[in-house]
Amino acid sequence: QVQLVESGGGLVQPGGSLTLSCAASGSIFSFYAIDWYRQAPGKQREWVAASRTADYTNYSDSVKGRFTISRDNAKNTVYLQMNSLKPEDTAVYYCKGESLSYPTTWGQGTQVTVSS
């Protein structure tokens, strides 16, 4: 089974930027859908952004215009570029892969903290 590993989290000041990576242990084409989710302390996990094959992307209203999801198929990696970060973006960010061959696959998460 192909695994997903997130990286790139950290501490950033409000208004700053971070780029998260979601790297597949095998071919990214194993997944027809890669989504980013996040979970803040004491809150439910929420959907953030979606990437599909054929260049389809979609975003939650809370991040639209600030976050960009993209894929590098050669590197088997999906990215989440996050700009104009706000304290309310603080959360553990997860990527999730949907495959026709494997069960739904989640990464282990990466912490993003937005604070001055």
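Predicted model: local features only at pLDDT ≥ 70, side-chain atom pairs only at ≥ 80, totals over all residues.
Tutor: Residues are numbered from 1 along each chain as its sequence is written, and side-chain values use heavy atoms, with hydrogens and water left out.

Student: How many helices and strands does the chain have?

Tutor: The chain has zero helices and eleven strands, where helices (H or I, at least four residues) and strands (E, at least two) are DSSP runs, numbered from the N terminus.

Student: What radius of gyration would a compact globule with 116 residues have, and what does the chain have?

Tutor: The rule is 2.2 Å times the number of residues to the power 0.38, with the radius taken over C-alpha atoms. For 116 residues a compact globule would have a radius near 13 Å, and the chain has 13 Å, so the two agree.

Student: Why is threonine 77 called buried?

Tutor: Buried means under 20% relative accessible area, exposed means over 50%, and partly exposed lies in between (1.4 Å probe, protein chains only). Threonine 77 has a relative accessible area of 7%, and therefore it is buried. This residue is found in strand β8 (residues 77-82).

Student: Which residues is threonine 77 in contact with, leaving aside its neighbours within four places in sequence?

Tutor: Contact means heavy atoms within 4.5 Å, and the residues in contact with threonine 77, those neighbours aside, are Ser21, Cys22, Ala23, Ile28, Ser70, Arg71 and Asp72.

Student: What makes the pair of tyrosine 94 and tryptophan 106 edge-to-face?

Tutor: Rings of Phe, Tyr and Trp (its six-membered ring) pair if their centres lie within 6.5 Å, and planes under 30 degrees apart count as stacked, over 60 as edge-to-face and the rest as tilted. By this rule there are two aromatic pairs. In the pair of tyrosine 94 and tryptophan 106 the ring centres are 6.3 Å apart and the planes stand at 85°, so this pair is edge-to-face. The pair links distant parts of the chain, with tyrosine 94 in strand β9 (residues 91-98) and tryptophan 106 in strand β10 (residues 105-106).

Student: Are these two residues buried or exposed?

Tutor: Tyrosine 94 counts as buried because its relative accessibility is 13%, whereas tryptophan 106, at 36%, counts as partly exposed.
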